[in-house]
Amino acid sequence: MSSAFPSTADALGDDGAPSAGRASLQPVPPRAVGRRLQGLLAAALLACLGLFLLTHWLAGLPRLDAAWRTKSSGQIELVASPLPALQPHVGDTLLSLHDGIAHRAAEPLLLLTSSRWLIGADERRRQTEQQALLDRAFASPQVTLLLSGGTVTVAPQPRGFAGLGSLYWLLSALALLVLLAGLTVPMAMPAPGHWMYAVMAACVGGNLLLIAIESLPGLGRPALPPTLAVPLNGTLDLATTAAGLTGASLHPVRLASAGRLALVTWSLVALLSLAVLRWTLQAWPVAEVVAIAFGAASLVLLGRSYRRRPHPIALVLSRLGLVLLATLLLLVVAVIASAEAPSGLRHTIGAVGTALWFVFFASLLLLVPFLLRSQRLLREFALLAGISTIATSLDLLFITLFSATPLTSLTVAVFASLGLYAGARRWLVSHLLGQHLPTAERVFDQLYRVARRVEAQPQLATELCTRLLRELFEPLEWERRAEAPARSTVLDDGSALLVPLPDLQPDAPFAHQGALLLRFARHGRRLFTLEEARLADRVVDQLRQAVAHDRAVEQGRREERIRIAQDLHDDIGARLLTLMYKAPTPEVEDYLRHTLQDLKTLTRGLAAEGHGLHEAAADWKADALVRLSAARCELHWRFQADREVQLTVVQWSALTRLLRELLTNVLSHARASQVLVEVVYQQDALTVTVADDGIGRDPQAWAHGLGLGGVRKRARLLGGQVRWEERPARGIVCRVHVPKLSAAG
């Protein structure tokens, strides 16, 4: 029941390969645009003129200004009339009409202007005869009615525009809207699938017009005799589903058998249309069954198309078509099951259900071109029309299966439908229309995590941004593009999203590093919509702002560290230097000299913008050599790194103090003559080992004071662990292991 639906661009070529949005990336020549607009305007004017002429003709048809209804007994009752000749007969039963030759019995089928849902062949034949009787009776200037209260002769009057009824105006306006939408799409984006959409829209618009004509109130001359209305209904239904079946073989993936399938399908449509025209009442049910089969076959083709290439538009269209076909089958089952129900009630509910179903179909056709946009009004209208169709079908089923009164069945059907609507609305919007946005918590968590990593590793900014977008939208395919648009753009029927990647380097705050093309969101189960394009832009902008904010904060911290280092150097350093010159003993002077050296190392580290591991290791070695030499202790230094890494101030400070504290413990307690210091950095893991040959034993029995506690604290700050062990010969070895140095600090 659905397939040839339009969207923003032609996604796939004849071979089924992605076109990468060629229709949206290649501009249409202005002259071609002008010709299309002129053609669309001319078509719209012709459609409006045709509707006006049809309305004008219908307004001139004769009718009796009276309201009639079918009683439960199967008789036609006069309910109300402003005509003086009929007012005394309100409440009487219509027995017969004079057709110019003799009086003919009036049956309830006289009020039924459509034979669409008549089940039996005899019932369809009698409805045709009653409409022919009505046509002959209103062909003369006077209409003679035989009522239970007597015979009345009335002169029928033209309907006029006011006598067409509100339902006619609503349905005809919707038919015109659907027809214009069907013309607009292929004019804007010529493609075989879009032309099939235009055929479907034209046929659905035609059906809505037929239903509008059949809804004319009162008793009057039929606008269309059954011999014309029935073939029109059958042909329009066949053409609608044939266009859907053809479109499913062309879009979004052109199948290899598309040409042969189109030839067979439309040949069968032509043959069945001729059969309905020749054998109206006998061939029409067959045509309707074939039309439903075409609808089911289009769903099969869409499923095959999705398996060949998981284009989300195929999945969305198959879901829409499935719901459309399911509601139609529910209505058909309800009408067939109600064969024993009162004919008047069954015909009324069947006519209402038919009108609602075609309104549902039309609303989906209007909604599909806007799948990539947030059209809540159209979406809610489509849901309401679908639920109303279900409610009408349930009403008829409740009357038939449970022998409920009309009021009871209608109440139960309405409440059941409203419950279904309330419970399934979110699922319908998310799964049927393919719209699904990540939660704010998920976006914030991912954005925060990526911003932290970008600040720590700016060289991976583009890779991290790409990973963030992939986690948000879960595309089946992605690739980098050199050219970047100004904003995120939806391409290829909503199957692709082109997102500009920001250059997060500090010297290019508003530049782009190419673009990322994402295809088939949620692994081919969702369309990219304009909301998701805006979400991608917001995520990229927020990431850029977060990184800029972090850099501003870090700049402030660095300036504050420089100020503190300068104050320490100028104030405390000067005082230590004065005290060193005034030291009473050489030991005090030597202690103050070492303290001053430590202060210089600290202030230099605080003021530095970056600390390379190799440079830091050289400073650590020099500091250790000075301190151990003063204690007449020999230093054995080993350093190994598979690559250079930049240490943050937090990492540098923690490692510097950690190593100094370990050496202080050796000098204070171990009485060692030799100390081995080994620093190894491999595959982002850092291991610092300090081993001595002193007198220390059994580290598990040590009382961990401020010194050892400070070592553990700084190891945890780096995300690592510290462990003390006895050496086989004598002394203690301490190992500090940081498994992920890049993630620390």
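**Terms and their grounds**

Tutor: We may begin with a pair of strands: strand β4 (residues 93-98) runs antiparallel to β6, and three bridges join them. The model is a predicted one.

Student: Which strand pairs with β6 over five bridges?

Tutor: That is strand β7 (residues 150-154), and the pairing is again in the antiparallel sense. Leu147 has Gly150 as its bridge partner in β7. β6 and β7 form a hairpin, with two residues between them.

Student: Why is β6 described as largely enclosed by the rest of the structure?

Tutor: Four of the five residues of β6 (residues 143-147) are buried, so the strand is largely enclosed. Buried here requires under 20% relative accessible area.

Student: Why does Val286 count as partly exposed?

Tutor: The limits are under 20% for buried and over 50% for exposed. Val286 has 46% relative accessibility, so it counts as partly exposed. Val286 lies in helix α8 (residues 280-308). Its C-alpha atom is separated by 8.8 Å from that of Val276, ten residues apart along the chain.

Student: How do you know that α18 and α19 are roughly parallel to each other?

Tutor: Their axes cross at roughly 20°, and angles under 35 degrees count as roughly parallel. The two helices are therefore roughly parallel. The axes come within 11 Å, and α18 passes α19 in a right-handed crossing. The contact involves residues of α18 including Trp620 and Leu628, and residues of α19 including Trp652 and Leu659.

Student: How would the directions of α18 to β15 and of α19 to β18 be classed?

Tutor: α18 runs at about 175° to β15.

Student: What makes β15 and β19 edge strands?

Tutor: The open sheet has five strands in the order β15-β17-β18-β20-β19, with mixed pairing. β15 (634-641) and β19 (721-726) each have a single partner strand, so one side of each is left without a neighbour in the sheet. Neighbouring strands of this sheet are turned by 10° against each other on average, direction ignored.

Student: How many bridges join β19 to β20?

Tutor: Six bridges join β19 to strand β20 (residues 732-738), and the two run antiparallel. In this region, Gln721 stands opposite His737 of β20.

Student: Which residues touch the most other members of the largest nonpolar core?

Tutor: Leu58, Tyr168 and Leu208 do, in a core of 72 residues. Helix α10 (residues 343-367) supplies the largest share of this core, eleven residues. A second, separate core has 39 residues, among them Cys633 and Tyr681.

Student: What is Leu58 in contact with, leaving aside its neighbours within four places in sequence?

Tutor: Leu58 is in contact with Arg159, Leu164, Tyr168, Ile213, Leu216 and Ala223. Contact here requires heavy atoms within 4.5 Å.

Note on methods: Residues are numbered from 1 along each chain as its sequence is written. This is a predicted model: local features need pLDDT of at least 70, side-chain atom pairs count only at pLDDT 80 or more; totals for chains, interfaces and linings use all residues. Side-chain values use heavy atoms; hydrogens and water are left out. A nonpolar core is a set of buried Ala, Val, Leu, Ile, Met, Phe, Trp, Tyr and Cys residues joined through side-chain atoms within 4.5 Å. Buried means under 20% relative accessible area, exposed over 50%, partly exposed in between (1.4 Å probe, protein chains only). Two strands pair if DSSP finds at least two bridges between them. Axes are lines fitted to C-alpha atoms, for helices over the stretch in contact, and angles run from 0 to 180 degrees between N-to-C directions. Angles under 35 degrees count as roughly parallel, over 145 as roughly antiparallel, 65 to 115 as roughly perpendicular and the rest as oblique. A crossing is left-handed if the near helix is turned anticlockwise from the far one by less than a right angle, and right-handed if clockwise.
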